[in-house]
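Subject: Structure for you to look at

Hello,

Here is the structure I promised to pass on. Please open it next to the sequence; my notes follow below.

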Protein chains: 2
Amino acid sequence: MCGIVAYIGPRQACPILINGLKLLEYRGYDSAGIALMNGELSVYKRKGKVSELEGFIEGQKQESTVGIGHTRWATHGEPDDINAHPHRSGNGRLVMVHNGIIENYSPLKSALEKEGHIFHSQTDTEVLVHLIEEIQQQGDLPLEEAVRIALGRVVGAYAIVLMDKNDPDKLVAARKASPLVIGVGEDEYFLASDATPLAGHTKRVIYMNDEEIAVVHRNGDLQIKTISNRVQTPFVQELDMKIEELEKSGYEHFMLKEIHQQPETVADCMRGRLSHESPYIRLGGVEEYDKTITNARRFIIAACGTSWHAGLIGEYLFEDLARIPVEVEYASELRYRNPIIQEGDVVIALSQSGETADTLAALEMAKAKGAMIYGVVNVVGSSISRLTDAGSYIHAGPEIGVASTKAFTGQVVLLTMMAISLGYKRGRIPNSYFHKLITELQNIPGKIEKVLQHEEQIKYIANEIKDRHNALYLGRGFNFPVALEGALKLKEISYIHAEGYPAAEMKHGPIALIDEEMPVIVIATNKSAYEKIVSNIQEVKARKGMVIAVVTEGDEAISKMADYTIEIPDTEEPLTPLLSVIPLQLLSYHIAVMRGCNVDQPRNLAKSVTVE
Amino acid sequence: MCGIVAYIGPRQACPILINGLKLLEYRGYDSAGIALMNGELSVYKRKGKVSELEGFIEGQKQESTVGIGHTRWATHGEPDDINAHPHRSGNGRLVMVHNGIIENYSPLKSALEKEGHIFHSQTDTEVLVHLIEEIQQQGDLPLEEAVRIALGRVVGAYAIVLMDKNDPDKLVAARKASPLVIGVGEDEYFLASDATPLAGHTKRVIYMNDEEIAVVHRNGDLQIKTISNRVQTPFVQELDMKIEELEKSGYEHFMLKEIHQQPETVADCMRGRLSHESPYIRLGGVEEYDKTITNARRFIIAACGTSWHAGLIGEYLFEDLARIPVEVEYASELRYRNPIIQEGDVVIALSQSGETADTLAALEMAKAKGAMIYGVVNVVGSSISRLTDAGSYIHAGPEIGVASTKAFTGQVVLLTMMAISLGYKRGRIPNSYFHKLITELQNIPGKIEKVLQHEEQIKYIANEIKDRHNALYLGRGFNFPVALEGALKLKEISYIHAEGYPAAEMKHGPIALIDEEMPVIVIATNKSAYEKIVSNIQEVKARKGMVIAVVTEGDEAISKMADYTIEIPDTEEPLTPLLSVIPLQLLSYHIAVMRGCNVDQPRNLAKSVTVE
């Protein structure tokens, strides 16, 4: 959510910033801007995509070997040229980019206005850079010291990078609850809100910690201090990211590439972890805390958005296979309500980016209450992966499409492996069923491949419903969260108002929405509630709704009732979500493309929500 | 869901049936029909409301002192004249009305078709009446015996009443998982799916139990047997229902009456239960099981629809005030997933009608697992109130509007009293806070009165947004479930696709829907997350959404940002849902009226969902 990139070194900064912003654009694209310094400070910023900015700077002065850039997801103030970053201080000496939210910006602004500061934008960012300037001027301080004092007065979350016109040979950066990575090159430094723009430039990275301030110098010096003024030793890690992973590889969109990658990413998530010989399922992070997790009294799963849906499937899996009670919480709700976390409770955090602000904050709170914390994360080295006691990566590779697909199936596979393993260890599933589940899990990549072969048929159905304004998604049991996820996918990228429900809840309200105009997508693969879902389909048809059913191969009864059916291969019921979600992903994708929507960068959204 | 009424006695049946159907119409109104018998069997049925049927029978033969009637909520087959009830058997000798779903109707139908039966409708009901006829003919059996044998072959839920042309002096009725009440008059009997049509006729009622078959005779005889052929002794109870409670009392709709009744119904729910002297909060049902409930390890709340939202508020209340972990489950999901119910778990069921099929089934399952079951119900004598170990009535009086309002606040008040009482007994809230909460609870009826005084302003806002196609509702903490409930109310009666979210989740998807066309209703009264919700409002405004905020009296900050604000009186945070939901109820009501929707009988819906 909002992207930052900055450079200082011997090379020209401008192309590095622009390319970096393009790679970061999935984090926000309401507006974009850069600041360059060559004698004077030039700030170029534009509402809209990075390509708008690129056009705008053409022919303008671009010479500079230091610079900062930003792509924005608006929180305070509309996305326009003025609210775009970078923001200047009042005297024009400082320029800053900022991710996050300054919560007490309003009283700070009033106080500064009394001192004579004039603000041009509605952003909290402009307030912060004015505050830093005020402190710098009053005390005649070096920039990093002014930053340090200013941040002590600020409530909120931030990742910031600043340039000082009077000191062009350094950049100052700081973070709290919003990620920032330093790339260490040969006599050069990169700063970015995630590692993506560093791929291709350097493999040596430093993940900044909360409340740290970094100063990078053109001469190669690097200092890190905390806000409370303690010097820190930088910890350089190796970055494992290939530039090909950041390209579309012939697909029209990242999302489509990522949907089609799933046979591979699901296999990657299982690789080295599944076997028919003891210990059968080997999850690095779990083993270390084996006893705590196996004897957990309760799991509390904290997540947001798509990850929250994966968490709900986790609830069904853990309760069904391992017989451990699970509570799934919206991270944003969990953190503000003094939740009950008791001895023996294990908190599981799900986050693709590992940077989701609400999830991070909830984890910090749970940790403070003494809970053991387990992370299921995709991005290696992310904040959540560093905060948790233990965890497992889902190894899905960089996910660029804003609408999550392969990270979702990765999370579900990982939770499935955990649940099966726990069920076995706790003696809750018999040996034969355990091995059946393992065999079936190994078959899942091949079966996803088979589902993907229905793409043409799904495209046909997409064309039939592309002009509808609303949609309902229904499922039961393991597939109820899949219904929520299918609806979210459609909502996110096609702006059709879709909503998911447990099928039986339809009668308690949503059925009022059903008429000829309402497509109802039903996941009807569950063996355990088949007759019930058939009754639900009858209720929709009795009100002339259009039914699109995801069914098990060879299903006859539903094909007679539904307007369209999409078949998925048979599998064990707890594994069906891994197959049933695939056609819903493809359906949303093709509907969005047919509606002319920007699939990879849907309006208003951003990848990795790093504000609360 | 679907209404049944039947009569046998000295009076004319037709007006009794028609009036009874009108009183039952809130349970379903896709189609209606009656069957009368006077030498021959006459069946009159019509698609649409009871008033359509009334017009249709005008001038037709109505003479009869026995008859059955039905108002339908379609499950199998479209609502039309043919699918309407009553249904005749193949030879025309029997006629039947039916609530519920016969799940194995398809194989039964095929088998009967092989025997030469021809079906005219798509209903499961016609299959059942043909099956009864087939059994009756083959064995030359009395009707009740044929019914008994047939029901042994049936999977599903039913309440049925049959007449036999060859035996005009009796009616045969049976029930399983779908309610049926016998009204005992002077030399006359009434049968109905709930007690409503009996008010004004008799005060003596028999609530039939599952798997019972009743035969009522014109001569005053009554026999009840089980399906397994055991004779039962009828248990006659007194009915406490006044006919005025079933009238609109000058309001344009039942829903509006019920919204305005809330100061009174909330007070009724507290009456005799709250005091500043020990034992402070006296909930009859709780006291009996005091130890079990006070020492509960976990509460599992099972509910559907609006009651599920009340349950979610219960989760926040119990966890916050009493520090007992709570899991809120959709009843339909709970029952099909072999949930983990452990020693020390208490299951709380919420249902206005006390007949909700999914909730009932979930309770039966939980009971079989040995859990203690507590019911929070409105309708006295309902199935859930009879099944639970203990429980409390909410005393809201008959709720006729299909969209629940006063039952919701009743449920929330009851859960609030339970949570406060538990918190105090468990030593989790200090004495001073406890008394403050009791005082504040006693002030709630007066404060609801104050909120209702904003009706004109709410009408104005309703007019501004009545033509929108979608809406989002946001809230945090205690008011997150209120956001869900506000959205459900709008969806149910205005057919605007509204959806509720915890405010912070908006960024994880739904924000893609926001543009100038999207009204966003935000409940912004929580003191504990005020700044966060202000940020959420900023995010909506940055995308040009229209914001309607429910705020605390005297709020200034949000008034500056929001397009419209509705004020509610200040109160303790855990009690805010009782006030914040009121403007949302009124908003939905007035929008629906302005859109010309039938508020009390929204399309597709029915009160009291007695099918799964």
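A:D358 forms a salt bridge with A:R335; the closest N and O atoms are 3.8 Å apart. A:D358 lies in helix α12 (residues 357–368) of chain A and A:R335 lies in helix α11 (residues 331–335) of chain A, so the pair ties together parts that are 23 residues apart in sequence. Over all chains, the structure holds 60 salt bridges. Please keep in mind that this is a predicted model.

Interface between the chains

How many salt bridges does the rule find across the interface of chain B and chain A? The count there is 12. One of them joins B:R543 to A:D30, with the closest N and O atoms 3.1 Å apart. Side chains of opposite charge can pair when their charged atoms come close.

Polar contacts cross the interface of chain B and chain A too: 34 residue pairs, both residues at pLDDT 80 or more. On the chain B side, these elements each give two or more residues: β16 (298–303), α10 (305–322), β17 (326–330), α11 (331–335), β21 (470–475), α17 (480–494), β22 (497–502) and α18 (530–542). The largest share, eight residues, comes from α18(B). By type, the residues on this side divide into 34 nonpolar, 19 polar and 30 charged.

In terms of contact, 83 residues of chain B meet 83 residues of chain A. The two chains bury about 7000 Å² between them, and 49% of that is on carbon and sulfur atoms. In chain B, the residues that lose the most area to chain A are B:I340, B:H497 and B:H508; together they account for 9% of what that side buries.

Sheets in chain A

One open sheet of chain A has eight strands, in the order β3-β2-β4-β1-β10-β9-β11-β15, with antiparallel pairing. Its edge strands are β3 (40–47) and β15 (237–238), and each pairs on one side only. Strands β9 (residues 181–184) and β10 (residues 189–192) of chain A pair over four bridges. There, A:V184 has A:Y189 in β10(A) as its bridge partner. Helix α1 (residues 13–24) of chain A packs on this sheet and touches β1 (3–8), β2 (31–38), β4 (66–72) and β10; its direction makes about 160° with that of β1(A). Helix α2 (residues 50–57) of chain A packs on the sheet as well, touching β2, β3 and β4, at about 135° to the direction of β3(A).

Another open sheet of chain A has seven strands, ordered β5-β6-β7-β8-β12-β13-β14, again with antiparallel pairing. Here β5 (87–88) and β14 (231–232) are the edge strands. Strands β6 (residues 94–99) and β7 (residues 158–164) of chain A pair over six bridges. A:H98 stands opposite A:I160 in β7(A). Helix α4 (residues 124–139) of chain A packs on this sheet, where it touches β5, β6 and β7.

Hairpins in chain B

Strands β12 (residues 212–217) and β13 (residues 222–226) of chain B pair in the antiparallel sense over five bridges. B:I213 has B:K225 in β13(B) as its bridge partner. The hairpin has four residues between the strands, and B:G220 takes a positive phi near 100°.

β13(B) also pairs with β14 (residues 231–232) of chain B, antiparallel, over two bridges. B:K225 stands opposite B:V231 in β14(B). This hairpin has four residues between its strands, and B:N229 takes a positive phi near 75°.

Best wishes

Key: Residues numbered from 1 in each chain as written. Chains lettered and ligands numbered in written order. Predicted model: local features only at pLDDT ≥ 70, side-chain atom pairs only at ≥ 80, totals over all residues. Heavy atoms only, no water. Contact = heavy atoms within 4.5 Å. Buried area = accessible area lost by both parts, 1.4 Å probe. Salt bridge = Lys/Arg side-chain N within 4 Å of Asp/Glu carboxyl O. Polar contact = N/O pair within 3.5 Å; in protein donor to acceptor, adjacent residues only side chain to side chain. Nonpolar A, V, L, I, M, F, W, Y, C, P; charged D, E, K, R; others polar. Pairing = 2+ DSSP bridges. Axes fitted to C-alpha atoms, helices over the stretch in contact; angles between N-to-C directions.
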